[in-house]
Amino acid sequence: MKVVILAGGYGTRISEESHLRPKPMIEIGGRPILWHIMKIYSHFGFSDFVICLGYRGYMIKEYFSNYILHSSDVSFNMATGETTYHTSNAEPWRVTLVETGAESLTGGRLKRVAGYLGDTFCLTYGDGVADIDIRALTDFHLRHGRDATVTSVVPPGRYGALAIDAGQVYSFTEKPAGDNGRINGGFFVLNRAVLDRIEGDHTPFEDGPLEGLARDGQLMAFSHDGFWRPMDTLRDKNQLEELWQQNRAPWKVWS
């Protein structure tokens, strides 16, 4: 089962970093968040990736074209031009990088990679991590027999909550989780029939296609109650970096 990763957006809400590189290439612990996402999938045996490129996609191509070089001990014979690779920490991944247009929306990007996909595939965003069990997610999808599965998560709280009675605050909770109820956490599993619901480049996957799937009874939710974080802002990035540096990153499900 292939894994599609949406990696082409502009990342405007984290422009402090994304004006220099695509959002999925912003680093956590010295590695792009894209690498962290791929490590999560790879841990559960999903190692065939289709990455949808857009904004500054050439930087993602350059990263993977040099991946073995950067992760290996290497000797260069300057006289002959010969390169010899020695011990390597390269991943057992197959990575297909597809130019899906600078202005395409999420549905349009998915539609453009249709030729690389089989009957069932995974889809996720290139900016969020979780300690999700990908195998349990895909098993759930295959059991229920509908066209689409979305992972529902409890969002991290962003604001302190006040309980007030007659002007008196009688409780204060700093950033309570779930203040918006359960939300779309990405980490989809989809059947190929979903692609027929995407009109073209300017179709957001989250609007017409997902709304139609829900209306037609073809969308099921896989509940994930563990760790989940998007990297929407510089604050989010710094929080993920802190967890990684403290060796407390819950999404690091690999050893």
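Buried here means under 20% relative accessible area, with exposed over 50% and partly exposed in between (1.4 Å probe, protein chains only). The model is predicted, so local features need pLDDT of at least 70 and side-chain atom pairs pLDDT 80 or more, while totals for chains, interfaces and linings use all residues. Residues are numbered from 1 along each chain as its sequence is written, and side-chain values use heavy atoms, without hydrogens and water.

**Stop one: helix H3.** Select residues 57–65; the buried ones are Gly57, Ile60, Tyr63 and Phe64. They sit on the same side of H3, because they cover an arc of only 115 degrees around the axis (directions from the helix axis to the C-beta atoms). Helices (H or I, at least four residues) and strands (E, at least two) are DSSP runs, numbered from the N terminus. Now show what covers these residues, including strand E1 (2–7), helix H2 (33–43) and strand E4 (48–53).

Beyond its neighbours within four places in sequence, Tyr41 is in contact (heavy atoms within 4.5 Å) with residues including Val3, Phe49, Ile134 and Phe187.

**Stop three: Arg109.** Move to helix H5 (residues 106–112) and pick Arg109. What is the nearest side chain of opposite charge? Glu99, 7.1 Å away; Arg109 is buried yet has no salt bridge (a side-chain nitrogen of Lys or Arg within 4 Å of a carboxyl oxygen of Asp or Glu). The side chain of Arg109 does reach the backbone oxygen of Gly8, at 3.1 Å.

Methods:
Lys, Arg positive; Asp, Glu negative; His and termini not counted. Polar contact = N/O pair within 3.5 Å; in protein donor to acceptor, adjacent residues only side chain to side chain.
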